[in-house]
Amino acid sequence: MSRKLSWLKSIALAVSLWVAIACQPARSPQSQPVVAPSPTITALPQVKSRSNPPQDNPQLPDDALVDIQTVSPAIELDMRYATTNNFMKRKLYPVSRCILRSAVAKQLAKVQLELESQGLGLKVYDCYRPLSVQRQMWQVVPDEHYVANPAKGSRHNRASAVDLTLVDRNGKELEMPTEFDDFTTKAHRDDLTASPLARQHSQLLATVMVKHGFIPLPTEWWHFDAVGWQHFPVMDVPLQSI
């Protein structure tokens with residue numbers, strides 16, 4: 001009898017536990033803890049902001065030497081003294097580069113931008129010229145109307161002068177009074193023997209250059225000195241070393 005009562009109590013206890021568990025409210029799915037999956041880290045390329053330059057690249061000082069194509073890539077180059085197509089008939093520069101003072105390069109970039117709005121652009125013939133090259137030129141043309149005396153130094157030797165011309169949107173040179181390095185009076189700015197169109201192009205080039213801080217040389221329509229050139233020293237640093 002006692003064994004039967006014990007067995008009945010066990011059954012009653014089991015039923016009670018089952019009922020208690022079954023009657024518990026179900027847990028809402030929202031109450032379950034959410035475990036975020038581990039993120040996949042992808043290395044993205046670093047993009048330099050144009051408006052916020054890196055702090056480790058401070059703005060260059062005005063007297064720093066720069067390559068014009070790092071400042072204004074649209075400016076075309078025809079560096080004559082890096083070829084044999086010049087009055088010396090031989091190659092004087094080992095590399096074809098237009099090096100200028102930072103301040104001068106920025107001024108020239110503004111000229112290029114204004115000309116582009118008219119469907120035009122610049123083509124450069126010469127920029128910085130080492131003093132050693134100036135001496136070679138003086139030996140051939142010892143005339144200060146066209147070649148600066150190396151004893152004084154040229155504006156080119158200071159990286160503050162540029163020889164250039166105008167080109168159309170296709171890179172074709174516009175008609176000018178003479179060819180580059182024409183050592184005659186026909187290259188003078190006050191000469192009237194050139195065609196009206198050539199004089200018009202020469203005047204346009206001079207007008208835009210003057211507007212952005214350059215001084216025209218009276219005897220060469222292609223030559224312009226930067227305002228303040230006298231503040232920069234004469235140099236004889238090889239082009240390939242810059």
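How many residues does helix 5 have, and what span does helix 5 reach from its first C-alpha to its last? In this predicted model, helix 5 has 16 residues and reaches 22 Å, close to the 22 Å expected at 1.5 Å a residue. Gly213 follows helix 5 and has a positive phi, near 95°.

The chain as a whole comprises five helices and seven strands. Their order from the N terminus is α-β-α-β-β-α-β-α-β-α-β-β. The chain has 242 residues, of which 40% are buried. Among contacts with a separation of 6 or more, 73% join residues 24 or more positions apart.

Helix 5 contributes several residues to the buried set. These are Ala198, His201, Ser202, Leu205, Ala206, Val208 and Met209. An α-helix has 3.6 residues a turn, so residues three or four places apart point the same way. The cover over the buried residues of helix 5 includes helix 3 (102-116) and strand 4 (120-126). Strand 5, strand 6 (214-216) and strand 7 (223-226) are also part of that cover.

Phe180 lies in the loop between strand 5 (161-168) and helix 5 (196-211). Phe180 counts as buried because its relative accessibility is 7%, below the 20% cut-off. With residues up to four places away in sequence not counted, Phe180 touches Arg80, Tyr81, Tyr125, Asp163, Trp221 and Trp222. Arg80 and Phe180 are 100 residues apart in sequence, yet their C-alpha atoms are 9.2 Å apart in space.

Note on methods
Residues numbered from 1 in each chain as written. Predicted model: local features only at pLDDT ≥ 70, side-chain atom pairs only at ≥ 80, totals over all residues. Heavy atoms only, no water. Helix = DSSP H or I, 4+ residues; strand = E, 2+ residues; numbered from the N terminus. Buried < 20%, exposed > 50% of the residue type's maximum accessible area, 1.4 Å probe, protein only. Contact = heavy atoms within 4.5 Å. Expected span 1.5 Å × (residues − 1).
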